[in-house]
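Dear colleague,

Please find below the structure that I am handing over to you. I would be grateful if you could look through it alongside the notes that come after it.

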Amino acid sequence: VVIGLVYLAGLLFPLLGVREKRVAVLANHTAMFDTERHIVDMMHAEGVNIVGIFAPEHGFRGKADAGEHVNSSVDEQTGVPIWSLYDGNAKCPSDERMKAFDVLLIDMQDVGLRFYTYYISMLRMIDACADFGRKVIVLDRPNPNGMYVDGPILDMAKYKSGVGALPIP
């Protein structure tokens with residue numbers, strides 16, 4: 001299996017022009033380039049102009065507990081600002097942060113459950129990017145449970161929430 005990140009690093013950086021753009025990243029601890037390097041660490045080392053990292057639930061490096069408020073900060077390894085989506089506010093970026101970048105790169109592996117917050121953070125960011133005319137690149141990763149599709153469809157009238165946002169099983 002070749003994941004999207006491999007294509008990005010080897011082939012798509014020049015095609016997408018991410019070296020010339022202001023790039024924001026929505027990622028968590030699963031966004032590993034290889035067994036030892038995170039995508040942000042790799043991109044930073046390659047000279048990509050990363051202006052900010054949007055952090056979903058559990059924080060950028062995955063150290064916060066479920067539902068815990070996560071303050072915005074600076075990534076110790078790269079010096080890039082971390083913009084928390086779980087700081088107790090609307091779970092959406094401010095206008096100021098949306099204007100700070102040209103391209104949003106999303107890389108978060110999930111387990112394919114409709115009641116996880118990662119895909120909901122991704123949906124919110126894609127909607128915000130559409131509102132602000134920002135480009136979005138979503139990197140694919142294999143679903144570790146991809147062979148199963150099961151369960152009732154979410155009743156949107158009764159149960160739509162921050163942990164269930166789409167009518168999927």
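The notes below describe what was found, beginning with the overall make-up of the chain.

The model is a predicted one, in which local features need pLDDT of at least 70 and side-chain atom pairs count only at pLDDT 80 or more, while totals for chains, interfaces and linings use all residues. Residues are numbered from 1 along each chain as its sequence is written, and side-chain values use heavy atoms, with hydrogens and water left out.

Overall make-up

The chain holds five helices and six strands; helices (H or I, at least four residues) and strands (E, at least two) are DSSP runs, numbered from the N terminus. Their order from the N terminus is α-β-α-β-β-β-α-β-α-β-α. Of the 169 residues in the chain, 39% are buried. Here buried means under 20% relative accessible area, exposed means over 50%, and partly exposed lies in between (1.4 Å probe, protein chains only). Among contacts with a separation of 6 or more, 70% are between residues 24 or more positions apart, a contact being heavy atoms within 4.5 Å. The chain exposes about 9,300 Å², of which carbon and sulfur atoms supply 54%; accessible areas come from the Shrake-Rupley method with a 1.4 Å probe, and for residues only the protein chains shown count as cover.

The nonpolar cores

A nonpolar core is a set of buried Ala, Val, Leu, Ile, Met, Phe, Trp, Tyr and Cys residues joined through side-chain atoms within 4.5 Å. The largest has 19 residues, and V25, M43, I50 and L105 have the most contacts inside it. Two or more residues of this core come from each of β1, α2 (39-45), β2 (50-55) and β5, with α2 giving the largest share, four residues. A second, separate core has 17 residues, including A24, L26, Y86 and M98.

W83 lies in strand β4 (residues 81-84) and counts as buried at 10% relative accessibility. Not counting residues up to four places away in sequence, W83 touches A24, V51, G52, I53, F54, A55, S72, R97 and A100. S121, in helix α4 (residues 117-132), is buried as well, with a relative accessible area of 3%. Leaving aside neighbours within four places in sequence, S121 is in contact with L26, P56, L85 and Y86.

Salt bridge and cysteines

One salt bridge was found in the whole structure, the term meaning a side-chain nitrogen of Lys or Arg within 4 Å of a carboxyl oxygen of Asp or Glu. The partners are R22 and D102, whose closest N and O atoms are 2.9 Å apart. R22 lies in the loop between α1 (4-16) and β1 (23-27) and D102 in the loop between α3 (95-98) and β5 (103-107), so the pair ties together parts that are 80 residues apart in sequence. R22 is partly exposed at 30%, and D102 is partly exposed at 26%.

The count of disulfides is zero, a disulfide being a pair of cysteine sulfur atoms within 2.5 Å. C92 is partly exposed at 42% relative accessibility, whereas C129 is buried at 1%.

A surface patch

L113, F115, Y116 and V163 make a nonpolar surface patch of about 340 Å². Patches are made of residues with over 30% relative accessible area and no salt bridge; like charges are joined within 9 Å, and nonpolar side chains (Val, Leu, Ile, Met, Phe, Trp, Tyr) within 5 Å. V163 is found in the segment after α5 (156-159) and is partly exposed at 41% relative accessibility.

Yours sincerely
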